[in-house]
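Here is a short report on one protein chain. Look at the sequence and the model first, then read on.

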Amino acid sequence: MDSTFPTEIIAAYFLAYLIIPAFLYRKKYVIATAGFLAGSYFICLLARIIIIRIAEPLAGIAPKTSEDNHELLTDIPKLIYVYFFQIFSVALVFVIIRLLTQHLYQQQRTLTLEKKRSLPNCGCSNPSSTPTSSSTP
């Protein structure tokens, strides 16, 4: 299992339930873009901290050079090229599947509503509401 797996889950839910609804549904593009940039920075930073401070010591891998916290926070190119693409490529697959299933659900719901609306107008009668023939002479 990959040691960035927890951050991939966080990134997937971050995109699917925070950024995409703000971007697509509420049309708040500036806020969504700023939120995406800030959130992705912190998610990548969390992944790097997990790898350097937790996973490597547990695996017995000694870091080649000791990185202080300031270097962890400011090494943006490493966060982008090493962590961002790995984390958000997995998150993007989750978001695409979620959007497709949501779209399919909306189509089925629309079809069901259209069928319900068209039943009374088609002249068809509901079998349970058909009058029974009476035997009056």
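## Overall layout

Helices are DSSP runs of H or I at least four residues long, numbered from the N terminus. Arginine 48, for example, is found in helix α2. Keep in mind that this is a predicted model.

How many helices and strands does the protein have? The secondary structure comes to 4 helices and 0 strands. Along the sequence, the pattern reads α-α-α-α. The protein has 137 residues, and buried ones make up 23% of them.

## Two helices side by side

Start with helix α1, residues 5-25, and helix α2, residues 29-59. Their axes come within 10 Å and cross at roughly 175°. Angles over 145 degrees count as roughly antiparallel. Therefore α1 and α2 are roughly antiparallel to each other.

Which residues meet here? On the α1 side they are Thr7, Ile10, Ala11, Phe14, Leu15, Ile19, Ala22 and Phe23. On the α2 side they are Tyr29, Ala32, Gly35, Phe36, Gly39, Ser40, Ile43, Leu46, Ala47 and Ile50. The residues of this contact divide into 14 nonpolar, 4 polar and no charged.

Threonine 33 is also found in helix α2. Is threonine 33 buried or exposed, or something in between? Its relative accessibility is 40%, so threonine 33 counts as partly exposed. Threonine 33 and isoleucine 19 are 14 residues apart in sequence. In space, they are 8.0 Å apart, C-alpha to C-alpha.

## The nonpolar core

The largest nonpolar core has 17 residues. Which of them touch the most other members? They are Ala11, Leu15, Ile43, Tyr83, Ile87, Phe88 and Ala91. Helices α1, α2 and α4 each supply at least two residues of this core. Helix α1 gives the most, with 7 residues.

Look closely at phenylalanine 88. Set aside residues up to four places away in sequence. Phenylalanine 88 then touches Ala11, Leu15, Phe36, Ser40, Ile43 and Cys44. Two of these names, Ala11 and Leu15, belong to the α1 side of the contact with α2. Phe36, Ser40 and Ile43 belong to the α2 side.

## One salt bridge

The count comes to 1 salt bridge. Which side chains form the salt bridge? Those of aspartate 75 and arginine 48 meet, at 3.7 Å from N to O. The pair links distant parts of the chain, 27 residues apart. Aspartate 75 sits in the loop between α3 (69-74) and α4 (76-121), while arginine 48 is in helix α2.

How accessible are the two partners? Aspartate 75 has a relative accessible area of 23%, so aspartate 75 is partly exposed. Arginine 48 is at 0%, so arginine 48 counts as buried. The cut-off for buried is under 20%.

What else does arginine 48 contact? Leave aside its neighbours within four places in sequence. Arginine 48 is then in contact with Glu67, Leu72, Asp75, Lys78, Leu79 and Tyr83. Among them, Asp75 is the salt-bridge partner, and Tyr83 is one of the core residues that touch the most other members.

Technical notes. Residues are numbered from 1 along each chain as its sequence is written. This is a predicted model: local features need pLDDT of at least 70, side-chain atom pairs count only at pLDDT 80 or more; totals for chains, interfaces and linings use all residues. Side-chain values use heavy atoms; hydrogens and water are left out. Axes are lines fitted to C-alpha atoms, for helices over the stretch in contact, and angles run from 0 to 180 degrees between N-to-C directions. Angles under 35 degrees count as roughly parallel, over 145 as roughly antiparallel, 65 to 115 as roughly perpendicular and the rest as oblique. Contact means heavy atoms within 4.5 Å. Ala, Val, Leu, Ile, Met, Phe, Trp, Tyr, Cys and Pro count as nonpolar, Asp, Glu, Lys and Arg as charged, and the others, Gly among them, as polar. A salt bridge is a side-chain nitrogen of Lys or Arg within 4 Å of a carboxyl oxygen of Asp or Glu. Buried means under 20% relative accessible area, exposed over 50%, partly exposed in between (1.4 Å probe, protein chains only). A nonpolar core is a set of buried Ala, Val, Leu, Ile, Met, Phe, Trp, Tyr and Cys residues joined through side-chain atoms within 4.5 Å.
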